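I opened the notebook to look up how charged side chains pair up here. Entries follow.

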Amino acid sequence: MAVIRLTVNGEPHTVDVDPATPLLYVLSDDLQLRGPKFGCGLGQCGSCTVIARGRAIRSCVTPVNTVAGAEITTLEGLGSPEKPHPIQRAFIDEQAAQCGFCLSGVILTAKAFLDEHPKASEAEIRQAMSGVLCRCFTHTRMMAAIRRYAQEV
Amino acid sequence: MSDLSRRDFLKTSGALIVAFNGLALEVDEVFAQGQFDTRASHVDPGRLDSWIAVGGDGSITAYTGKCELGQGMLTAQTQIVAEELCVEVERVHLVMCDTDVCPDQGTTSGSQSTPTNFNERNLALAAATAREALLRLASTRLNLPVDQLEAVDGAVRGRTDTARRVAYGELVSGKRFELPLDTSAKRKPADSWTVLGKPTPRLDMPALVTGRFEFVHNVRLPGMLHGAVVRPPGVGATLTRVDVNSVASLPGVVKVVTRRNFVGVVAEKPWQAMQAARRLNATWATGPGLPSHESFYDYLKRQPARDAFVVDSGDVDSAFGSTAPVVRGSYRHPYQAHASIGSSCAVADVREQRTTIWSATQSAYPTRSGVAQVLGVPLESVRVIFTRGSGCYGINGADTVAYDAALLSQSVGRPVRVQLSRQDEMAWENYGVPYVIEQRAALDANGRIVAWDCESWSASLGGRPGYQAPGNVVTGLLAGFEPQRVSPGKGGPPSGFNNGSNSAPSYIAGRVGGRAAGTGTITTERVLTHTIASPFFTGPLRSPSRLQNTFAHESFLDEIAAQVKADPVEFRLRHIRDARLREVVSRAAQKYGWQTRPSPSRADARGGVVSGRGIACVLYEGDNGYVAMVAEVSVDTASGSITATRFVVAQDCGPISNPDGMRNQIEGGALQGLSRALGEEVTWDTQKVTSVDWRTYHSLSLGSAVPAIESVLIDRHDVEATGAGETAITLVAAAVGNAVFDATGARLREVPFTQARVKTALAAR
């Protein structure tokens, strides 16, 4: 066990866990956040995505000690139902979800990429999203929401 | 550690009587998706208070036995209640599938939620009954006859003297209605709708996109522990020994639990439970082995089978014995997985007198029954609270993980949360069934089909547990319950034409018992199905059997059209007599800009990238939604890669509750169908399933090139509502395969259309 300090959605936290524990479990159990989800535990689907140090990472395969001290943003850290972040607003406007379980991967991967590449082409966005899965296949609306956000920022 | 025999276990199970023998059911029951009609339970569906409650503040709570699975039923059902009670959707709180308070509506499946709760019964009838009751109460209060009153925005007021007004909350003030459902209560006519029929944003969307939504995965209880399961290393393997000491020193481990072949570990934290499950030293006796994956379709045809005739006009063989030209085709469809994006999860709190299960099951009441049987506790002591999971598309791991959590919680006496690993989700689920379908058709001199003969082979084991068979999913089997198995036998003549699985093509008349209930014109007709024992669990996967059968029928129809050099749209219309099915075909073709000509457009496409278009259509389940799809594809003849570039879907599901919700279902269904057509296939070796994650089971990612999708919605108010969640997906493999044929002249007869199979088909031209 080890005491690890994290900054999540702007709030400082201290947890006492096995340092090899994947970040996902610390977020969803110790901190009881609902945004990042366990989808595969293998870093293959994206449901556990959070933004750390400005990059979208797969929290299910990221040992918590490797992000100690980093700024971490989860899906709930972007905005709230009352005041959604512009990319969340775009997803609401496009009604771009069905079950909604995959949204951390879809929204945070797109946001981190577009923040870094605001002029990205359609092909580049698709490339950036190529490791993210949605099994309801809400692809058309999700890509429309991502394009809408890209045009707004 | 406990290892009760099933017999001992039964003795302790109190009032429950569980039949372990005689479970070999008719094939139709094995394939049945669940109960569509509302059942009697402690929540009496005949009473208004079972469905609707009006609070003193005018808030409306509605109780339903149909749940949200990502398909939009939260919003659509809320719209029904809001419409009939003349309030905005925000005023209605919908409680879904909590067995303590909701009516038993069986399973949310089979595209039956809208038919069940929109058409003149159940939830909609309850809301209409409540509106009329409120009008009567207001009549007394305002001293005006009912026909001079109207319900508007949560209040009743005079039609002319609108100042005379009383709010719902004042009329009921939180009390019960104490009324039966009124089967003569009038539904609001569609031309007066203000909520239904409008594109209504999903009520759950803001919470979903901002990470606030509570999935079952997020349920946390005081004192809750975390469990993980240890499944056998292969199909049919049995447990011989567990070395508890192998994990005793690991941090957080609370208990190793076994029951027959069920093994699980409970720990303080989820990561600890998963580590312990991984490191537990369990010894298993190897199972009997699996049939070869490579030759499985041949195996499927050689096994003892249960046979059933869907239709048999008796004159088919003689029609083929004549000199008429005959066309033949044989089609194959693999096992496919639900493969939910989130592995399944449940939380169980099993106490001495009371068991509570938080579960994403589609079947709250049946799961309540299954949990009671698995635990050996009285049915009345179990409550299942539906809590959303990730999209399931049929029976994923939700039911089985509810049993896992229940068994572990019972053993440790504390609440336990279990989430399956990705591998356990995908290696042990109830897969969509594999098929071999063989067709032949006889033609007359004018290019009309005069006889159609279809014979199919599929495989079945287990399925939805229903109220009686917890052994139909893996945990139940491991804990000692028997699954429903296919019993071989010959089928007699059908008693009526039932095309619920779309075993029969759209082009036959379906003449059984003096009545033609099919959508087509061909009266010399035979459809024979064979079902064999599956080595893997099977169960409904979105458009179960309907998709596989429709792939075969719609591909074959196209092959016949090509044979007689007929245009695929014109050739379909030549053999369809159902007006609504004809209309969706015509509307899809029109929207696409279909050019009348035979396929292929160029059979000589030897190199480069070529494009084509294909069409398919179906009356889903024979009575549950009309749909047609045109697919446009490009094919890279060098690599064998298929890219779908445009889908046009025309759909007639009767009155539309939420047009945007329907579009969302069409779009998602179409692309899920594309993923299944192009890449999804369950694989296995001699002992175990090998498609267990996203490297080995191929799902189209967000980065994939997907087609533009155009939906033509035909909204009818003079007919009953039908389902709309499984229509589009049913057509994709056929429409894409037909488009590939149009582009290249190569016919794809086996799903998925991998690049290797496309290249083989191209070479075979």
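I began with Arg749(B), which is partly exposed at 35% relative accessibility (buried is under 20% relative accessible area, exposed over 50%, partly exposed in between; 1.4 Å probe, protein chains only). This is a predicted model: local features need pLDDT of at least 70, side-chain atom pairs count only at pLDDT 80 or more, and totals for chains, interfaces and linings use all residues. Residues are numbered from 1 along each chain as its sequence is written, chains are lettered from A and ligands numbered from 1 in the order written, and side-chain values use heavy atoms, without hydrogens and water.

I looked up the partner next. Arg749(B) makes a salt bridge with Glu559(B), closest N and O atoms 2.8 Å apart (a side-chain nitrogen of Lys or Arg within 4 Å of a carboxyl oxygen of Asp or Glu). Arg749(B) sits in the loop between helix H20 (727-744) and helix H21 (755-763), Glu559(B) in helix H16 (residues 546-563), 190 residues apart (helices are DSSP runs of H or I, at least four residues; strands are E, at least two; both numbered from the N terminus). Glu559(B) is buried at 11%. I found both in a salt-bridge network that also includes Arg572(B) and Arg747(B).

Then I checked Asp317(B) and Arg440(B): a salt bridge, 3.1 Å from N to O. Asp317(B) lies in helix H11 and Arg440(B) in strand S18, so the pair ties together parts 123 residues apart in sequence. Asp317(B) is partly exposed at 47%; Arg440(B) is buried at 17%.

Last, I noted the total: 55 salt bridges over all chains.
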